[in-house]
Every structure is written in structure tokens, then in C-alpha cells.
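Reader: I have a structure open and some questions about it. Can we go through it together?

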Amino acid sequence: MIQGVQIELISADRLTNLTTMEKIRTILDSVILGNIVVLEHGLTPDEQSMLVEVTMREIRPGGFSGIEMETYPGKEAESGGIFGRLFKGKKPRQGRMTVIGPAGQLKMLKIERDRLVAWASLTSGG
Amino acid sequence: MSMFTRAKKRLSKFFQNIFRRKRSRIGIYGPPNAGKTTLANRIVRDCSGDAIGPVSEIPHETRRARRREDVVITGANGNTLSLDIVDTPGVTTKIDYHEFLEYGLEQDEAISRAREATEGVAEAMHWLREDIHGVIYVMDSTLDPFMQVNIMMVGIIESRDLPVVIVANKTDLPDAAPSRIKSAFPQHPVISLSGLEGTNMEELYDMMTEHFR
């Protein structure tokens, strides 16, 4: 039997039409099953905060132990720039492409401004 | 008590309630084992001679947010400020009880610690969204500042427009490189210090009295 990791790519269009809790449930339900989720555009800071909170409530000893989440910083992280300061608060800052997977199964090998290199294990704790 | 005295007292209370300045609640945030409780203890001890909670090398020693009210900070510049200091559990996206077994904890104790730690992190995130007016964000200056949790937390703090002072902690360690934190977050004030040894705390107090006013 061929073994592998299921990768779910969620488009920006689909994400835009979901509420915060729908996005979080979509992500977590998939990650809890052992899948890796790739969001075409990331979550807002408030959504990330909610994701951490809900993730903590889903952790079970001996079972789901949380998530790995990475995004490349890109322009969004450069909030120290003059434009970032001038227009701060006009719209919620959205991260760029984000990879989320089960803790212990997804590891980031390289995180650069515009490039992520990830490694996924077939089993947890790898 | 005469009617006049009662009315005077009521009126005085009414005006006190209107004009009383609410103390700011300052949350001490950061990843596990960054030295948040050591720093919180140092601040509270310097300012009130007391401590806020126990510390340990085992991650997630702080599993409940702890608040110390009315801590009066005095900067070398002479400014003073009264704050509530909230020491919070280390923020992370994963908690595995097996990690605690490596520190010699029994399985039951490790599972119970993991359960409490998950509740603590959820609580800390909730405090940040609802009840915190400013943040001291603590990083271990021996580690890579570009950890996802740091990027995420600073993003959350910025999006809520909360004043933040970043602390590059553990400068007493030989591998400490606080300059990495300064270049990673140039948009925020960064203070290099050792919460354990209490070095450079005056600079932090100065910054707090300016930033959290």
C-alpha cells in the first residue's frame, strides 16, 4: 500500500468566503486528520490568535499535540516602513501563503523572505 | 450622618469614578522558557519587594496568568507609573506531554502539566485580545528571533495597536546575541537585559514609564 501525506491547498477565494471560525475549523479538522494545509493567503493576526486558542483546546495527551505553522515574512512583515506606519490600521494585515500541519510531522527547513522549504514525515513524531 | 454629608460623599464617589485613571494592565508575553516569570519577579521585587510566581527550567512552569496589582515603576528619569503586571504562560502552537518526561516527570504529572499548559496558553491569548493595554514581549537572546511564534505574536500585538517593549533577555549567557533581535524588530524599542541578574533593568523602567503612560 502506498503511504503518503495528504496536502490540502485552500484558495484565497474560498478563504475570503469563510468566517473566522469556519476558517479555523476547516484548518484544524484537516490537520487533526494528519493532513497538511496550505492557505493561498494567510490569516489575519486576530485569526491567528483564535487559531492558537482553539488549537490548545483540541490538544489531547497521546493524540493531537498541536500545529506547526509557517509563513514567509515577505512585505507584510516590513511594518517598520513609512507606508506600513502611515496606512497601519486601514485594513487587517493578511499574511502570505501559509503552511499548517500537525506538530511533529511538519518541519520547516528553510525560511527566507520569499521562500519556505518544508519537510513532512509520514508519521507523527518524525 | 447628616443628609448633607451623605450627599457630599455620594457626589465625591461619583466624581472619583468618572475621573479616576484606570491602571494599565501590562502583559508579559513570549515563548516558553524565555524568562518571563524571572523578569516579572524582578520587576515586582524591585518595585514592591515581593515575587509573582515560581520559576523552573521545565517549560510551562507558569500555567495560569498571574496578575500583580498596583506595581509602581520609577524610571531613572524620575517618571513614575502605576501598573498591573500580568505574567502569562509561554505562547506556543504545540504541547506534547512527552517533552516533560525528558525532565524526569512521571507520566501522570506530565499529562496533567500538559493539560494545564494548554488551558494556560488559550487563556493568555484571550487576555491579549480582551484585557491587556500594553505588552512586554520577552525573547531569549540566545535563540533565533525569527521563530514563528515571535513573528505571529508581534503581528497580533501590532494589529491591536498595543504599545510594546521587546526584551532581549538572558544577556548573561555566553551565546546571547541581542543585536539579532534589534535587527529583526527595528520598528519597536528593544531593551537587552538579564532578568536573572537584574542588569539593565533601569533602562527597561525608563522605557516602561515612557511607553505605557
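Reader: How many residues does the contact take from chain A and from chain B?
Author: The contact takes 27 residues from chain A and 27 residues from chain B, where two residues are in contact if their C-beta atoms, placed from the backbone, lie within 7 Å. This is a predicted model: local features need pLDDT of at least 70 and side-chain atom pairs count only at pLDDT 80 or more, while totals for chains, interfaces and linings use all residues. Residues are numbered from 1 along each chain as its sequence is written, and chains are lettered from A and ligands numbered from 1 in the order in which they are written.

Reader: Which elements give two or more residues to the side of chain A that touches chain B?
Author: Helix H3 (45-58) and strand E3 (67-71) of chain A. H3(A) gives the largest share, 9 residues. Helices (H or I, at least four residues) and strands (E, at least two) are DSSP runs, numbered from the N terminus.

Reader: How do the residues of that side divide into nonpolar, polar and charged?
Author: The side of chain A that touches chain B has 12 nonpolar, 9 polar and 6 charged residues. Ala, Val, Leu, Ile, Met, Phe, Trp, Tyr, Cys and Pro count as nonpolar, Asp, Glu, Lys and Arg as charged, and the others, Gly among them, as polar.

Reader: Back to H3(A). At what angle do H2(A) and H3(A) pack?
Author: Helix H2 (residues 20-32) of chain A and H3(A) pack at about 45°, with their axes 10 Å apart. Axes are lines fitted to C-alpha atoms, for helices over the stretch in contact, and angles run from 0 to 180 degrees between N-to-C directions.

Reader: And which residues make the contact?
Author: On H2(A), A:Thr20, A:Lys23, A:Ile24, A:Ile27, A:Leu28 and A:Ile32; on H3(A), A:Glu47, A:Met50, A:Leu51, A:Val54, A:Thr55 and A:Glu58. By class, that contact has 7 nonpolar, 2 polar and 3 charged residues.

Reader: Different topic. What is the secondary structure of chain A?
Author: Chain A has 4 helices and 6 strands. From the N terminus on, they run β-α-α-β-α-β-α-β-β-β.

Reader: Over to chain B. Where is B:Gln107, and why does B:Gln107 count as partly exposed?
Author: B:Gln107 is in helix H4 (residues 107-130) of chain B. B:Gln107 counts as partly exposed because it has 13 C-beta neighbours inside 10 Å. A residue is buried if 20 or more other C-beta atoms lie within 10 Å of its own, exposed if 12 or fewer, and partly exposed in between; C-beta atoms are placed from the backbone.
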